[in-house]
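Hello,

Here is the structure we talked about handing over. Please take a look, and then read my notes below.

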Amino acid sequence: MSAVNPYDAPDASLDTGHDELYQPKIFTFNGRIGRMRYLAYGIGVNLLLMLIMVPLAGATAFMGGDPSSSMIGMLGIGIFYIATIVISVMFAKRRLNDLNRSGWWFLLFIIPFVNLLLAIYLIFFPGTNGSNNFGPAPEANSLGVLILGWLMPVFFILGIVAAIAVPAYQDYLSRVQ
């Protein structure tokens, strides 16, 4: 009689040694994005929208005499605000998917103070390693994503330094004169 049990699990390793990765697209509701892409895509798209919205708002302000042109301008601004909200929902849903959470968690942004905790969760908590319930992990970040992603913390720190330095400099100038 043979010592091999036919009901034993096979000895072959099912681990292929690597998880599949995918290159995320910017404008889609499916898939996952990491922390850096979340910041970079949000900053990049909002900068593009601002490049369109600021001249439109300026043109609307200068056409105050003609009601029809100012209504068209206000309609354009409203469309861009809606686009910004849709894009924000899209990025937050994909970031939540990276954290292996449902996109419906985005509705927590409606609740005051909870929205602050959710924003901290999205920005600072790492996503799941490898594949999760929402698909494979995204590929490594490109140089452009890294540059755009680091703009937000750099501007934040520069803003704090400027908020401290400018009043101190003005106080210094007033004492010198």
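What follows is a short account of what I found.

This is a predicted model, so local features need pLDDT of at least 70 and side-chain atom pairs count only at pLDDT 80 or more, while totals for chains, interfaces and linings use all residues. Residues are numbered from 1 along each chain as its sequence is written, and side-chain values use heavy atoms, with hydrogens and water left out.

**Confidence**

pLDDT is the predictor's confidence in each residue, from 0 to 100. The protein chain averages 84, and 89% of the residues score at least 70. Confidence is highest in α3, at 93, and lowest in strand β1 (residues 21–22), at a mean of 80.

**Overall layout**

The protein chain has four helices and two strands. Helices (H or I, at least four residues) and strands (E, at least two) are DSSP runs, numbered from the N terminus. Along the sequence the pattern is β-α-α-α-β-α.

The protein chain has 177 residues, and 27% of them count as buried. Buried means under 20% relative accessible area, exposed over 50%, and partly exposed in between (1.4 Å probe, protein chains only). The accessible surface comes to about 12,600 Å². Carbon and sulfur atoms hold 72% of that surface. These areas come from the Shrake-Rupley method with a 1.4 Å probe; for residues, only the protein chains shown count as cover.

Now contacts, meaning heavy atoms within 4.5 Å. Take those in the protein chain with a separation of 6 or more: 72% are between residues 24 or more positions apart.

**Salt bridges**

A salt bridge is a side-chain nitrogen of Lys or Arg within 4 Å of a carboxyl oxygen of Asp or Glu. By this rule there are three.

Asp98 bridges to Arg32, with the closest N and O atoms 2.8 Å apart. Asp98 lies in helix α2 and Arg32 in the loop between β1 and α1, so the pair ties together parts that are 66 residues apart in sequence. Asp98 also meets Arg95 in a salt bridge (2.7 Å, N to O). Those two are three residues apart in helix α2, so about one helical turn separates them.

Asp98 is at 5% and counts as buried.

The remaining bridge joins Asp171 and Arg175 (3.1 Å, N to O). They sit four residues apart in helix α4 (residues 143–176), about one helical turn. Asp171 is partly exposed, at 39%, and Arg175 is exposed, at 62%.

**Around Asn132**

Asn132 lies in the loop between α3 (114–124) and β2 (137–138). Asn132 is buried, with a relative accessible area of 14%. Its side chain reaches the backbone nitrogen of Phe134 at 2.8 Å. That is a polar contact: a pair of N or O atoms within 3.5 Å; within protein, one must be able to donate a hydrogen and the other to accept it, and residues adjacent in sequence count only if both atoms are side-chain atoms. Leaving aside neighbours within four places in sequence, Asn132 is in contact with Arg32, Asn97, Asp98 and Asn100.

Asn97 is in helix α2 and is buried, at 1% relative accessibility. Beyond four places in sequence, its contacts include Phe29, Arg32, Asn132 and Phe134.

Asn100 is in the loop between α2 and α3. Its phi is near 60 degrees, a positive value in a residue other than glycine. Asn100 is partly exposed, at 27%. Phe113 is in the loop between α2 and α3 and has a positive phi of about 70 degrees, although it is not a glycine. Phe113 is exposed, at 69%.

**Aromatic rings**

Rings of Phe, Tyr and Trp (its six-membered ring) pair if their centres lie within 6.5 Å; planes under 30 degrees apart count as stacked, over 60 as edge-to-face and the rest as tilted. The count is five pairs. One of them is Tyr41 with Phe91, tilted, at 5.7 Å centre to centre and 45 degrees between the planes. Tyr41 lies in helix α1 (residues 35–62) and Phe91 in helix α2, so the pair ties together parts 50 residues apart in sequence. Both Tyr41 and Phe91 are buried. Trp105, Tyr121 and Phe125 form one aromatic cluster.
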